[in-house]
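Hi,

Here is the structure I promised to pass on.

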Amino acid sequence: GAQAAQPASKMLPMFSTALLALLPALSAAGPAFGFQPFPPSWPEDQKFGPQQRRHNWCEVEDGATSLIESLKGKTVSVVFQSGGTTALELVGYNETEGLITGGFLVKLFEEVAARAQFNYRNSSAIVPPFDGDKGETDDEWVEWAGKAYDLSLAWATIEPERSDHGVRFTFPFMDLDPLLITVFRIKDPPLIKVLFSFLSPFSLTVWMAIWGCIFFTAIVYRCLESSGEDNEIKPGTAVQESAQSLFLAAGTFTALASFEPKTPMGKVFVISWTFLVLLIVSAYTANLASLLVVTKELTPRVGSLAEVIALKKPVCMRSGDYFGTLVEQRHPGLRVKWLPSYPEIYADVRRDGGCIAAVVPSIFWSAARRTKMDNPGCDLGPAGNSHTDLHGGFTSRADSKTYCTDYLNNVVSIILHEMYLDGFTEELLKKHQIAVSDLSCSKKAQDPSSAALSETDVGGIFAIHLTITIICVLGHTFFSGRKVLSGRSSSVESDDD
C-alpha cells in the first residue's frame, strides 16, 4: 500500500503544475471560462507621458504566410483607459490591488489575443481618461495613445477627420448611433376619444359601409316584397313604406326587428342579409372588450433635435467627448450643456429645470436604461430614431513604413470581424448589459379592479342613446300636438256645418 501511495503522491504535484499552466490558456479562451485578473505591466505610465512602447511589425509582415497565424507568440503593447463614466463596464480596474479585472473591452480583446495566440498582458498599461473640465479632449488622448503603444483599447468614434490626422481604426464593433434621450410623461387620451371608444372596433370607412348596406337593403327589400296587409311593410305612402323597411333592416342588428319575407327572392335576400349581420356583429363584439378601455399614451418631452433647437433649450453631452463635438458640429444652433459623466447627464435630464434631453451613444443607453442609477423611475427613453450612423472601435497610429502598425491593425480587424460574424461580440455585450441591470421597466401587473370598464369608458354609448331618446320624445310630442290640433280643427269645421 505504501509503495502504491508513493507514485500517487508524486503525481499530485505534477497534476497541479499542469493545471496551473493551463489556467492562462483557459482564461484567454473567453468569458465562458471566466477571466483571470492581471496587473498592468507598466503601472508607472502616465497620461500624455513620453513613453514609447511600440513594436516593429515590418519584419512580421515580410515573412507572413497567414495573417492571423503570423502573430502567434508575438507581444502587442496596449493601453487601457481607466475610470468608467457609463453603466456598461468597459474596463474593470481595482486600484487598491492594482489589477485589471475585466470589462467588455478587456474581455473582447482577450478573445482576439486567444484566437491569434499573441501576448498582451505582459505589455499593457492603464492610464486615466481625458479630463474635459481641464480642456482635454478625446482627440488628444487617442492621438497620444497611438504614438505611445501598438494599440489603444479605448473606444473611439470612427470619423474621416480623425483618420486624416493619422488615427487608424480597427473593425467597427461598437454601435455609437446618437440617441436623443428625454423624459416620457403619461398623457391622458382626449375625452372625445374615450367617450366614443365603442366605435373603435371598426374604422370610419367600415361604419359608413354598414350604414350604406342598411339603406341599400331597405330599398331592395321594399322592391322585392309587395305591400300587402299580410306583409310587415304596411301599405302607405312611399316615404312610410321606405321608413318601415329601413327600420326592419337596422333592427336586425339589435334583434329588435326581423324580416318576414313572403316572396321566394325576398327569402333568399333576407338569408344573405342576416348572414352578413351575423358576421358583422360577431366581429364587432370580438374586438369591443379590448378596445373599450383607451390606454394612456407615453409622450416624450421633445421629439427631435430640430425641435430642441427651435425651443432653444439645452441638451446634455459629455464634455471633451469627440462624439458630442461631432453632434454639435452637425446641428448648428444646438445649445449644449457639457457634463463630465453619463450618470450626471441622465440626472440632469430628469431634474426640473435641467437639460430638456441628452444625446448619448446607443450602446451605452442600452445598458443604462435598466439601472437604478441612471433610470430609477423608468421615465427616460429615446425619442425617435438615431440621427446619425456612427460606429466605434480600437485605434492605432496610421503607419505603414516605420513600425508597420497598419499590419497589426489589419490582423486585429480580421479577427474582430470574425467575432462579429460568429456572434461572440453580441453575446459578450449582452452578458455585460445583463450584469449591470438591476431594474425592470416592464409594465406592472394590473389590478383586476382597475381593468373594469369605468363610466368614462362606456359613457359614449349612454350619451348616444340618451340623445336619441330625447329626439324621439320631442318628435313624438311634436307630431302628437299636430294631430291634436288637426283633430280640433276638424271638430270645429263639423260644428260650423
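Searching the whole structure turns up 20 aromatic pairs (rings of Phe, Tyr and Trp, the last by its six-membered ring, with centres within 6.5 Å; planes under 30 degrees apart are stacked, over 60 edge-to-face, the rest tilted). Phe171 and Tyr420 make a tilted one, 5.5 Å centre to centre with 55 degrees between the planes. Phe171 sits in the loop between strand 6 (167-169) and strand 7 (174-175) and Tyr420 in helix 14 (residues 405-421), so this pair ties together parts 249 residues apart in sequence. Helices (H or I, at least four residues) and strands (E, at least two) are DSSP runs numbered from the N terminus. Phe171 is buried at 16% relative accessibility, while Tyr420 is partly exposed at 49% (buried is under 20% relative accessible area, exposed over 50%, partly exposed in between; 1.4 Å probe, protein chains only).

Phe80 belongs to an aromatic cluster that also includes Phe35 and Phe109. In strand 1 (residues 78-81), Val78 and Phe80 point one way, Val79 and Gln81 the other, and all are buried. Strand 1 pairs in parallel with strand 4 (residues 124-127) over four bridges, where pairing takes at least two DSSP bridges; Phe80 stands opposite Ile126 there.

This is a predicted model: local features need pLDDT of at least 70, side-chain atom pairs pLDDT 80 or more, and totals for chains, interfaces and linings use all residues. Numbering runs from 1 along each chain as its sequence is written, and side-chain values use heavy atoms, leaving out hydrogens and water.

Cheers
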